[in-house]
Amino acid sequence: MVRPPKPTPPKGELSEMEKDPLSVKLEVDSFDGKIHVEWEPEASVTPMGQLPFFIQFLKTGHRFEPWINDCPLTYKSPNAPQKVDVIGSLMLSILSGHKRYAHIGTIIGDKVNAQLLGMKKIVSDDSARRGLKKIDEDEGVEWMQKHLHLCFDPLLTIPWIMDVDVTVKTIYGHQEGAVNGYNPMALT
């Protein structure tokens, strides 16, 4: 069987195989100004590597500053941490996959992402915990609900269609295609 030759791209353009996506410097806008992100193929993978792009989304979408400004956390002491540092530390910890306050200690040394979010520092887990305790529960729920709705309410004004594949079926027992493994229906 003779295969036809592969089409060649027009002169002056690189084929997809010739392009090196890792050699591209990307400009990202942060709360600390514009930065350039560049990939290093030999570097270790980190869960925080994509954070500059999320920070750009928060900035250009005007999501972070109003969320911080509307937060019902208030301090009276001039020695208290800034609100952005407390709430930002909690957010960075959650984005890092942490589920406990004590895990905030693992990101305390991360000056880069804190600076990109416009923070002065990452606070300790005790400061974050005390800060959340200072927020009245009803005010906190109202604050979070308001900003959650600001994210998705505009989308609900646009007509949309939910495309569901109803041909998917769960196979049990000894039927053709059944495999041994986790069966969520057996737990109920």
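Predicted model: local features only at pLDDT ≥ 70, side-chain atom pairs only at ≥ 80, totals over all residues.

Student: Is the ring pair of Phe-64 and Trp-67 stacked, edge-to-face or tilted?

Tutor: Stacked needs planes under 30 degrees apart, and edge-to-face needs over 60. The ring centres of Phe-64 and Trp-67 are 6.1 Å apart and the planes sit at 50°, so the pair is tilted.

Student: Is Phe-64 buried or exposed?

Tutor: The cut-off for buried is under 20% relative accessible area. Phe-64 comes in at 2%, so it counts as buried.

Student: Which residue forms an aromatic pair with Phe-64 from a distant part of the chain, 33 residues apart?

Tutor: Searching the whole structure turns up 4 aromatic pairs. One of them is tilted, with 5.5 Å centre to centre and 50° between the planes, and it involves Phe-64 and Phe-31. The partner of Phe-64 sits in the loop between strand S1 (26-30) and strand S2 (33-37), and that's Phe-31.

Student: Switching to Asn-113, which side chain does its own side chain join in a polar contact?

Tutor: Asn-113 is in helix H4 (residues 111-116) and is buried, at 6% relative accessible area. Its side chain makes a polar contact of 2.8 Å, and the partner is Asp-110.

Terms used: Residues numbered from 1 in each chain as written. Heavy atoms only, no water. Helix = DSSP H or I, 4+ residues; strand = E, 2+ residues; numbered from the N terminus. Buried < 20%, exposed > 50% of the residue type's maximum accessible area, 1.4 Å probe, protein only. Polar contact = N/O pair within 3.5 Å; in protein donor to acceptor, adjacent residues only side chain to side chain. Phe/Tyr/Trp six-rings, centres within 6.5 Å; stacked < 30°, edge-to-face > 60°.
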